[in-house]
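This briefing is for a reader who is meeting the structure for the first time. Please look over the sequence and the model before reading on.

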Amino acid sequence: MSGKTATAPTTYSPSPTQKKRQPIFKDVDWIRPDGRGFHQCRPAFLRTGAVNAAAGSAYAEFGNTKVIVSVFGPRESKKAMMYSDIGRLNCNVSYTTFATPVRGQGSDHKEFSSMLHKALEGAIILESFPKTTVDVFALVLESGGSDLPVVISCASLALADAGIMMYDLVTSVSVSCLGANLVIDPISEEESYQDGSLLITCMPSRNEVTQLTLTGEWSTPKIHEAVELCLDACSKLGDVMRSCLKEAASASQE
Amino acid sequence: MGSSGASGDLSGEMEVDAFRRLFPLRFYERHLLESVRPDARPLGRARDTTVALGAVATADGSAMAKIGCTTMLAAIKLEVMTPPLDSSDEGSVAIDFHMPPICSPIVRPGRPAEVAPVVSKQLSDAIISSGMINLKELSLVSGKAAWMAYLDIYCLDADGALFDAALLAAVAAFSHLQIPAVTVNDDGRVVIMSGENEEGKLLKDPVNKEKRKLTLTCIPFSLTCILHKNYILADPTAEEESVMETPVTVVLDSSSRLVSLYKPGGPVLAYMSAVQDCVALTRQRVKELQKILSDAISDMEVD
């Protein structure tokens with residue numbers, strides 16, 4: 001086999017190239033590809049304790065977006081690190097080769113890794129584990145749109161499962177602007193045609209925003225509307241995550 | 001836990017968990033004397049095993065296998081290639097085993113686990129040399145186009161016996177693999193036939209008329225055992241692997257023929273009788289695994 005891979009032949013995917021369906025999003029009335037309402041999130045399936053080898057872990061499935069996050073530590077920091085009074089947070093997000101419709105390289109996603117770090121940093125009580133590091137590793141098993149918000153929410157659930165002290169759970173939701181409409185929790189197809197996107201990461205019970213990313217073309221009233229939508233969805237997601245943790249805790253007591 | 005004897009060793013001064021961490025080998029040997037393991041298994045028994053097919057929607061074939069806590073997710077994506085001249089009517093299979101940082105505290109980003117490439121190579125050897133797949137079935141147009149099956153196996157949770165779980169996930173993914181119906185378009189590229197380009201389809205001859213599955217013969221299954229003194233422990237956990245360091249992996253095919261036997265050194269020098277015992281354990285295990293796989297396939301067909 002190794003002899004053959006040395007002269008690896010070039011391959012291509014037989015899937016048809018993406019069809020032009022953009023015009024549908026420009027109308028005022030159109031139906032989302034998965035039949036949801038514009039302001040309706042995908043049903044969320046969350047479970048803690050997915051990976052036994054980790055200190056804490058969580059699995060999240062929002063429609064076709066499937067993510068596993070493992071938390072390790074607090075453990076010894078890398079030797080090259082300087083002394084630090086407070087704990088360190090280390091984040092990494094990677095994709096499987098089969099996460100996307102066309103086979104990818106399955107490499108690390110540097111941008112998401114740093115976004116995840118920034119989204120969580122403010123919520124974790126780093127003073128509670130001085131001199132050590134907490135590692136948060138995420139693997140996107142299947143990418144179905146809104147990957148980063150799902151990773152962030154799942155990571156905070158995994159941190160809670162690992163017993164890392166936080167001010168509050170962190171929840172994240174994004175909104176895409178498609179023509180005249182705002183759609184919440186967009187799938188990949190909607191994301192690829194969006195005019196703009198807004199991602200909010202917040203701590204719902206403290207009503208504090210840890211991260212806000214706004215890209216593309218927006219008008220001020222649209223931004224207000226989108227922020228309201230996101231914050232509302234974030235607090236609902238927070239309730240779902242809380243009940244998931246409660247279930248896991250009551251199950252382990254029995 | 002049958003570990004009350006272990007703590008009694010130090011007249012109850014030390015808790016079981018502390019004893020387990022400080023003197024792991026003695027902890028295990030106390031168990032082995034009683035012919036039981038800390039997770040209450042007899043020495044020769046493997047952990048509970050499950051297989052679920054079709055776990056990944058974006059792949060052409062996929063499966064998730066769990067042996068105890070060890071979890072593997074395998075997915076196959078088919079792409080088209082021009083076959084090399086010396087095997088113009090054969091497709092090809094590329095197998096890769098990944099250990100992402102989520103699976104174990106040992107793996108860190110940018111520093112891949114040393115075992116990953118080893119398992120990867122063992123897997124391709126076992127799958128290719130067992131003759132499970134007839135590469136001719138992966139041919140499309142002789143000399144022009146053939147399938148390249150990219151099999152990627154991800155370890156989601158590493159708790160010992162990685163190769164066994166990975167091989168099980170791999171063969172399950174192949175048994176779930178469906179080759180799509182394709183046709184050649186005007187540019188000479190192979191494209192998937194979908195219901196939507198109906199009018200174009202009539203002009204061209206389909207290369208592969210309908211979805212089909214591969215016929216798998218001689219499916220390989222494996223069992224890893226740990227040798228320690230005179231004991232043979234089947235299907236070790238990660239902890240057992242770290243304490244006792246002589247693994248023997250036996251791969252047999254579905255008609256109990258030996259595909260490969262792998263004993264990568266270790267402090268225990270095995271007598272032939274020990275190796276034969278490993279093979280006998282594997283033979284039993286193959287029957288179990290065959291049933292688990294065929295149950296998973298029939299569950300899939302009912303849905």
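How much area is buried between chain B and chain A, and what percentage of this area do carbon and sulfur atoms give? The buried area is about 3500 Å², and carbon and sulfur atoms account for 60% of that area. The model is predicted.

**The contact between chain B and chain A**

- Chain B contributes 45 residues to the contact, and chain A contributes 40 residues.
- Between the two chains there is 1 salt bridge, formed by the side chains of Asp152(B) and Arg103(A) with an N to O distance of 3.0 Å.
- Polar contacts link 15 residue pairs between chain B and chain A, counting pairs in which both residues have pLDDT 80 or more.
- On the side of chain B that touches chain A, the elements giving two or more residues are β3 (70-81), β4 (92-98), α4 (115-130), β6 (145-157) and β9 (190-192) of chain B.
- By residue type, that side of chain B has 30 nonpolar, 7 polar and 8 charged residues.

- Strand β1 (residues 11-12) of chain A runs antiparallel to β3(B), and 2 bridges join them.
- Within this pairing, Thr11(A) has Met81(B) in β3(B) as its bridge partner.

**Chain A as a whole**

- Chain A has 6 helices and 10 strands.
- Its radius of gyration is 20 Å, close to the 18 Å given by the globule rule for 254 residues, so chain A is as compact as a globular protein of that length.
- Taken along the principal axes, the C-alpha atoms of chain A fill a box of roughly 60 × 55 × 40 Å.

**Salt bridges**

- Over all chains, the whole structure has 23 salt bridges.
- One of these joins Asp135(A) and Arg75(A), whose closest N and O atoms are 2.7 Å apart.
- Asp135(A) is in strand β6 (residues 132-142) of chain A and Arg75(A) is in strand β4 (residues 65-76) of chain A, so this pair ties together parts that lie 60 residues apart in sequence.
- Side chains of opposite charge can pair when their charged atoms come close.

**Backbone details in chain A**

- Most residues other than glycine have a negative phi, and most peptide bonds are trans.
- The peptide bond from Gly73(A) to Pro74(A) is cis, with omega near 5°, and Pro74(A) is in strand β4 of chain A.
- Asp185(A), a residue other than glycine, has a positive phi near 50°.
- Asp185(A) sits in the loop between β8 (181-184) and α5 (188-192) of chain A.

Technical notes:
Residues numbered from 1 in each chain as written. Chains lettered and ligands numbered in written order. Predicted model: local features only at pLDDT ≥ 70, side-chain atom pairs only at ≥ 80, totals over all residues. Heavy atoms only, no water. Contact = heavy atoms within 4.5 Å. Buried area = accessible area lost by both parts, 1.4 Å probe. Salt bridge = Lys/Arg side-chain N within 4 Å of Asp/Glu carboxyl O. Polar contact = N/O pair within 3.5 Å; in protein donor to acceptor, adjacent residues only side chain to side chain. Helix = DSSP H or I, 4+ residues; strand = E, 2+ residues; numbered from the N terminus. Nonpolar A, V, L, I, M, F, W, Y, C, P; charged D, E, K, R; others polar. Pairing = 2+ DSSP bridges. Rg over C-alpha atoms; globule rule 2.2 N^0.38 Å.
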